[in-house]
Amino acid sequence: MQMNNLKRLLKLTLMSVVAVVILAGCVSDNKSGTGKATRQIDKSKSLELHIKLAQGYIDKGNRESARHHLRKASEIDKNSADAMEAMARLYQLEGEPALAEETFKKAIKRKKNFTLANNNYGVFLFGAKRYEEALIQFELAASDLDYDGRASALVNVGRTALSLGKTERAKAAFEHAAVLDRGIADPHIELADLSFQKQEYAEAKKNLDRYQALGQQSARALLLGIRLERVFGNKDKEASYLLVLKNRFPYSREYLEYKQTMM
């Protein structure tokens with residue numbers, strides 16, 4: 001009986017030791033997993049930060065700092081599509097169109113529905129006067145309902161469509177952009193210009209006023225204002241626009257056009 005009790009006690013003790021070992025292993029594995037996950041999160045955040053900093057420096061034209069952060073991003077993940085897109089813009093800034101296009105294409109291929117890359121690649125193509133190709137990229141960007149820059153992408157659609165003589169598509173894109181973002185001025189100057197060309201002067205005036213109410217002024221808007229006020233016979237307002245155009249934009253194409261065609 002005592003032997004049986006001793007055997008039972010030994011068995012229980014052995015089971016307890018095994019349980020402790022297993023539990024210790026589980027705790028150790030969990031800690032290891034947590035550490036690995038934490039390191040992964042840190043790497044992801046670091047990658048995102050380097051890319052954002054690079055994008056900001058590219059916007060400011062600071063090539064050296066942008067390249068520094070893109071190198072850091074590449075060290076973390078050499079296959080990052082977001083880093084590739086930023087690098088494409090850097091190549092564009094540095095006057096390397098072949099490298100820029102190649103890198104844009106790689107980024108778009110690597111990441112599905114890469115709207116930012118579609119829009120920026122469209123800007124690249126537009127600058128190269130490859131309007132048909134640019135329009136495809138801008139339409140892709142504008143079709144993404146979750147894209148924060150969708151209104152700007154629609155403005156890009158409109159301007160590219162105008163370059164291709166697709167006036168109705170352009171007008172629809174500008175109107176859509178104005179609805180999506182009531183604080184964006186660009187659609188209104190485009191709509192004002194289109195309306196003026198169609199002799200819809202009241203509509204043109206409405207859009208020009210909206211453009212200026214959003215704090216925008218340009219030689220283009222001033223010349224259009226001069227033309228509109230001349231149509232409406234408002235000589236004082238016409239003279240006011242002319243004075244601003246002459247003083248602020250004396251070497252502009254618009255002021256030269258005024259002197260050649262309207263004086």
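The structure is a predicted model, in which local features need pLDDT of at least 70 and side-chain atom pairs count only at pLDDT 80 or more, whereas totals for chains, interfaces and linings use all residues. Residues are numbered from 1 along each chain as its sequence is written, and side-chain values use heavy atoms, with hydrogens and water left out.

The side chain of R159 forms a salt bridge with that of D186, at 3.9 Å from N to O; a salt bridge is here a side-chain nitrogen of Lys or Arg within 4 Å of a carboxyl oxygen of Asp or Glu. This pair joins distant parts of the chain, since R159 belongs to helix α7 and D186 to helix α9, 27 residues apart. Helices are DSSP runs of H or I with at least four residues, numbered from the N terminus. D186 is likewise partly exposed, because its relative accessible area is 30%. Both residues take part in a network of salt bridges that also links E190, D193 and R220.

The structure holds 25 salt bridges. Among them is the pair K198 and E200, whose side chains meet at 3.9 Å, N to O. K198 counts as partly exposed because its relative accessibility is 44%, and E200 falls in the partly exposed class at 32%. A further salt bridge connects the side chains of R253 and E254 at 3.0 Å, N to O. In this pair, R253 is exposed, with a relative accessibility of 57%, whereas E254 is buried at 11%.

Helix α7 comprises the 14 residues 150-163, which should span 20 Å at 1.5 Å a residue; the end C-alpha atoms are 20 Å apart, so the two values agree. The expected span is 1.5 Å times one less than the number of residues in the helix. Helix α7 is mostly covered, with 10 of its 14 residues buried. These buried residues are R150, A151, A153, L154, V155, N156, V157, G158, T160 and A161. Their cover includes α5 (115-127), α6 (131-142), α8 (167-180) and α9 (186-197). Just after α7, G165 adopts a positive phi of about 75 degrees.

The largest nonpolar core contains 37 residues, of which L70, L90, F124, V157 and F174 touch the most other members. A nonpolar core is a set of buried Ala, Val, Leu, Ile, Met, Phe, Trp, Tyr and Cys residues joined through side-chain atoms within 4.5 Å. Apart from this core lies another, of 19 residues, including I189, A221, L222 and L245. When neighbours within four places in sequence are set aside, F124 is in contact (heavy atoms within 4.5 Å) with Q92, P97, A100, E101, F104 and R130.

Positive phi values also occur in residues other than glycine. K129, in the loop between α5 and α6, has a phi near 60 degrees. K129 counts as exposed because its relative accessibility is 63%. Q199 lies in the loop between α9 and α10 (201-213), and its phi is near 60 degrees, again a positive value in a residue other than glycine. With a relative accessible area of 58%, Q199 is exposed.

Methods: Buried means under 20% relative accessible area, exposed over 50%, partly exposed in between (1.4 Å probe, protein chains only). Helices (H or I, at least four residues) and strands (E, at least two) are DSSP runs, numbered from the N terminus.
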